[in-house]
Structures are given as C-alpha cells and as structure tokens.
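Reader: I am new to this one. Please show me the model, and then I will ask.

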Amino acid sequence: MRITGAEALIKSLEMEGVDVIFGYPGGVVLPIYDALFDNATIRHILVRHEQCAGHAADGYARATGKVGVCLVTSGPGATNLVTALANAWMDSIPMVAITGQVATHVLGTDAFQEADITGITIPVTKHNYLVKDVNQLPVIVRQAFQLAGSGRPGPVLIDIPVDISKAEIDFKYPKNFTIPGYKPTYKGHAKQIKEAAKLIVQAEKPVIYAGGGIVKAGAWDELKELAELAQIPVTTTLMGKGVFPDDHPLSLRMLGMHGTRYANYAIMDSDLILAVGVRFDDRVTGKVSTFAPHAKIIHIDIDPAEIGKNVPVDIPIVGDSKVVLTDLIAAIKKLSTLHADKMGWYELIATWKKKYPLHYHQDGVIRPEYVVDKISELSKGRETIVTTGVGQNQMWAAQFYSANKPRSFISSGGLGTMGFGLPAAIGAQIGRPDALVFDIDGDGSIQMVSQDLATVAANKLPIIIAILNNGYLGMVRQWQELFYNRRYSQVDLNVGTPNFVKLADAYGIKGIQVTQVEDVEAVLGQSIESREPVLIDFAVAREENVFPMVAPGASIDEMLGGIPGASLSQMIDEEEEENESYPIGSCRE
Amino acid sequence: MNHILSVLVENKPGVLARVSGLFSRRGFNIDSLAVGPTEDPEISRMTIVVDADDLKLEQITKQLYKLVNVLKISDLDPKDSVQRELVLIKVNVPSNARAEVVETANIFRANIIDVSKSTLTIEITGTADKIQALEDLLRPYGIKELVRTGKIALARGKLAEVTNGK
C-alpha cells in the first residue's frame, strides 16, 4: 500500500496505541495535520502554545503511565517545546515529540522557520532522530516509543522534514527491530540483593527513601509489602509522592528542603537507607558531605549512572524497582535471622512526629496551607489528581495534600518549571477523564500559561484551578526575606496581575474569588460537585512562608521553622509574635 | 590521571556531537579525540583521551553508555595497548639548513612529505614523547604550522578489550 510519510506516521502512532496527541499546527506539519484530519482513532488536542503541548503530553504520561505524544511545527514551534522536553527529561517522563522540519534540500540554509532542533535537544532528550529517508520513518517511530517507555523513561524527539511527510512509501510497520546500543538492566544482581536483605534485617534504624522510579516501574505494591514486612518507615521524594500512602503509619511523608522535620531527622539518624528509584538530588540531600553520616546505603535504580553519582553507595543494585523489590522481599523472607529490634527507632520517630507535625496558623485569614488541607480532605475517597505550579504553591501542595495513590500527584521536580500545573492538568484530565483534577497553582506560575485556559474551555475539562494568590513570586520573596535582608527585588506581582475571575470569564470558564476563610470549604465543595472547569482565586496570606526549610547549602537536619509553639524561625521575629497569639491547626500525620 | 577510552559507536550523523556535547555539558575534559570508521563501515571507533580520577571516569563511562549510539567502551591500559599519533610539522628551512633538518627527521624515522624554497613539511608518527622530542629539535628553525590527529590506540595482540559491557 503506497501512502505518504505523514500517513505512515499516523498509522505508526496508531500501531503504538496512541489515542491522543497534544499539538499545534504550522507550515511544515501541514501534511501531517492533513493526514490527521480524517483520522478517527487519534484525538488531537489543540493547545494555545507549544510549551503547553509538551507539558500536557507530560501530564498525560504521568497520569496514565502511557507514552505522551505531542506534535508541533519547525523553528519557533520546536524551540517552544524545548522547556517541556527538558522538564520531561529531568523527571524521566516517557514522551514522543514530533516536530516538523524544513525540506531536506534546504536543511542547513537558514530556511524560513528552520531550527536545528535535533542539535538543540540532544542534552534534554533520551535520544532524537532527524528523518532523512521516508522508508526509515516507521522503524524510527517504533524505536522512539521503545526508547521513551522502557529502561529509565524519557522524551524522544522525531524531526520530520516536510518533503519526507509528502514522500510515498510502501507502509509496513516493523515487527522486529533492534537498538544495538540500548540494553537496560531489569534484573538486579542476586548476590547484591542477598547482601541487601541481610543489612535490612540487621538494621536498627532503617529508612526507605522512595522516589519516582517506583512510579515508572509500577512497584508501589512491592514497596508497601517490603515496608510492612520489615516494618521500615518510608519517606518519599516529590517525584515519589503517592507511591507510599502519606496516611500510612510508617509514612514520614516528604524529605528534603521542605520535607518534614521527622523525615529529615530519620535520614540523618538512620543506620541504613534503602534508596529506591531516586537520584540523591541536591534538594533532598542538602549538604552532601554531612548527609546521613551513620547510614549504610543500598541504592536500587535502573540507571547505573545515578548510582554513586552524588553520594557513595554501599550496595549498588542496578535494575527495575519492581523486579528488584520482588526479589528483595523473597530474599528477606528466606533469611532465618530475626529482625533487629527497632522499638527504640519507632519511639524516636513517634516523638519527632508528635513534636514537629506539619502545621499552619488558623487566624481568620486564608492560609494557603489551609486551602490545600481542605482540598486533601474534600477529595478523600475520590480518584483525584493534583498538579502544581512551581514555588511555594508546589511545596504547600506537597506538604499538605495527602497523596495515597501513585500517579495522583504531578509536579515538575527536576527542572522546576513554572507554568507546568495547568497544561499538566489538561493532559492528566484527558488521560483520566473520570478523575477529579486539581491544579494547585500560584499567581505567578499560572500567568506563564494562562492562554491555555482556552484549551480547558474548548474541551470542557472539569479541572479545578486553585490559585493560591499572594500577589508575589512567593518562593523568591521568601528567599529574599530569609537570605537577602528582605530586599524584595522584582517579586511583587500585585500591580498588573489580572482579575482572575474576569480572566476566567473571558474564556467562558467559571471564576470565583475567595477572600474569606469561611468560604473556602463551601466553594471547593461546590466546585468539586459541579464537574465543570472552575478557576478559584484564593486571596491567601501574602507573606506566608513554606516551613520547615533547609537553608541552601545546609545539612538537612538544620531546619528553619516547623516547630509548633516555638519560634517558627530564629530569623523571623514577626512570625514569632504571630505564633504566640494564634491557635495552631495541625495537619494530620 | 589520563585514560584512553576506546569507544565503538554507530557510524551515524550527529554521533560526534552527542559524544562531545556530553563531555562539555557534564564538565569532563577531553585531552584529545580521534574518530574514524572501523573494519565495519557501520561502526566508528573514537579514541578519547581524558584526564579523570576513578570516580569521574566511572561517571564518564556510565553517561557515555546512556547514549543510544554508543555500543562499547574500553578503558585501554597503556601497558597493554599500542598508541600512535600522527603529526604534520611545517618548518622554516633556509636552503643551507635543509640537510640538517632532513637528517634530524631521518633519525626519528619521520618522512618529508612536502618541500618548498623555504619550508619542509615533516610527517611523524609515534608516541607523544617521540613527537615532542622532534618538535623540540625543530622549534629553533621556526615551526610555521603544526597539526596532529590526536591519539589512536588498540589493545595489544589477543588481549580482549577490558570492558564493563553494556
């Protein structure tokens, strides 16, 4: 069957089971959009900026576990996608990005809308392809999906010149293919697993440090089984949030810069860290040289390059988290030795949990933490997905939203991309139409992508956009307050920020402003029931800080704030006063 | 410490950019890099000389393996491998000194590959020490231009290449 390259592309995507593409058309992708025009299998979601096509595909992938697909034109379309690729790359998200390219005979001549997108994206993709022979297109698509979704997942880009899209081929989707230089290791080394099992059984103060790798491997059941079998407390990273229920008695919630005091103390005091699907990011370790001084470290990861990269490891195990954890559970069960007595450890952790719960003030103004706390409470028992912007809104969401299911908390971890929340929510809602989707966002973050409210409106996506509006670039302001002598340089957004209710209205979306703390719960409740797009503009306490906090460069047990009844931080006198005069609401542990 | 990495890669466009870009963005230093096709036209061999301690070398190797086009990496032991570099040196030689320079070149088993009224171009292959010695001897005459290939190397004889296979 003779068909065009563009048709072959669409057929190949169908063969890969693609049901939705996020995209934006343009000159050199006209043949591809023409082939999409009468396609009944693949739904195309028209975004309003190419960056959002990428983030939406990313959010879709995180919510569903499938490979997200986006399609944009050459030149500016492709360069607009770069941030989204870098975002997916840093968080190991499976994505296939298709970009149009100028015709092969003008490649390299600075033709109209030409950009060397394969050159530009080498550092932020797992691999990329420039298709120069139409006959190679099907096998390239096949390889791209294989690469994106397997091993340590990541974004793969396929750049297709317009003449390749128009050229004709005899289409046959390749059944067998090889990628000679690509052989991820799934099964862990048996001897190492045995050694790890011994250490786990002997440990008196063990901690499991679990991350995004568990989401990718689908290893949350194994993680829970192991934690419960050996009765080991679990802390999760931002990327791992949801792989272990935040409400579980063994949960220490998130660790790191804005983690709980008890998670950080546990890490620093532990004698064994079982690190699974994590990469010892600087936001987790703080000062590396003082990180977990008493602990032996077992590190399980599918990417050998992550092992020993930042922190020396005692037992490295390269492999897929699910496969390795399954073997590790079996190895532990096989050991006849009694587990070491950990009662002292549990007591110590219980003391920390009691002394340093996550908390916030209840004083008549809307505290952003309260909004998140209510979202967490009101969505309980429903299939919920929370996406976030980046900054304070993200950290409050991570601290106060109790994620009890994997793929329920979607946030830009490695790259920290402001503006991720809305397009990610779009992708997540399209991938899981029955889920209740919240975008917990900041007034700064949402303004980076607010044009895509149009995509929400056009597709009637029942996303609840909860803006924690403090009129500041809050996290930058917090750092300026703490480390730059309160010199608030270029962080005040109040002047110029749109009236969000009117903005929502302009897009035909219901907008509600909440200024009274008494209204928070009711408005959220109604919005949840409405099953239509709602934007809620919460006027929150302007200078609220995210606590606890590890100062940059400090050891993770040297934390500021987060002590109920004591000074929030020795550095902030006003907060101290507040603390004396207002009752404190404590978040559930 | 200097290491000689012998890296087999797929002979495809852009592979050199992927490899060299990886070194620069991760802050690894390349002393020299030579690349060309092997006995199999689909596969090229890169010989990369890097200055790195063991930890850094491990990272370099692991990160290189993550490139889909990289097939195999060997860290060649200088004792169990042969290494060569080819250098072309264009020297200022007035006619009265020509014999002297030719003689020097002969001692090094170097070849004269171009002659003009006032210059000689000498081709020399060998180890870094040997090349350096010739360069030092020629410098007083005035070296006009110099070009070197970068080191290429192969494991000796039957020695299997030491590798932490992919």
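Reader: What area is buried between chain A and chain B?

Author: This is a predicted model. The size of an interface is often given as the accessible area lost when the parts come together. Carbon and sulfur atoms give 56% of the area here. The area buried between chain A and chain B is about 1400 Å².

Reader: Which residues in chain A lose the most area to chain B?

Author: Chain A brings 16 residues to the contact, and chain B brings 16 residues. Three residues of chain A together account for 33% of what that side buries. They are A:Ile122, A:His127 and A:Gly181.

Reader: Which side chains meet in a salt bridge?

Author: The count between the two chains is 1 salt bridge. A salt bridge needs the nitrogen within 4 Å of the carboxyl oxygen, so the N to O distance of 2.5 Å qualifies. The partners are A:Asp303 and B:Lys66.

Reader: How many charged residues has the side of chain A that touches chain B?

Author: Between the chains, 5 residue pairs are in polar contact. By class, that side of chain A has 9 nonpolar and 3 polar residues. Its charged residues number 4.

Reader: At what angle do the axes of helix α1 and helix α7 of chain A cross?

Author: Helix α1 covers residues 5-15 of chain A, and helix α7 covers residues 137-149. Their axes come within 9 Å. The crossing is right-handed. The angle is roughly 30°.

Reader: Which residues of α7(A) meet α1(A)?

Author: From α1(A) come A:Gly5, A:Leu9, A:Ser12 and A:Leu13. The contact has 6 nonpolar, 2 polar and no charged residues. The α7(A) residues are A:Leu137, A:Pro138, A:Val141 and A:Phe145.

Notes. Residues are numbered from 1 along each chain as its sequence is written. Chains are lettered from A and ligands numbered from 1 in the order in which they are written. This is a predicted model: local features need pLDDT of at least 70, side-chain atom pairs count only at pLDDT 80 or more; totals for chains, interfaces and linings use all residues. Side-chain values use heavy atoms; hydrogens and water are left out. Axes are lines fitted to C-alpha atoms, for helices over the stretch in contact, and angles run from 0 to 180 degrees between N-to-C directions. Helices (H or I, at least four residues) and strands (E, at least two) are DSSP runs, numbered from the N terminus. A crossing is left-handed if the near helix is turned anticlockwise from the far one by less than a right angle, and right-handed if clockwise. Contact means heavy atoms within 4.5 Å. Ala, Val, Leu, Ile, Met, Phe, Trp, Tyr, Cys and Pro count as nonpolar, Asp, Glu, Lys and Arg as charged, and the others, Gly among them, as polar. Buried area is the accessible area (1.4 Å probe) that two parts lose on being put together, summed over both. A polar contact is a pair of N or O atoms within 3.5 Å; within protein, one must be able to donate a hydrogen and the other to accept it, and residues adjacent in sequence count only if both atoms are side-chain atoms.
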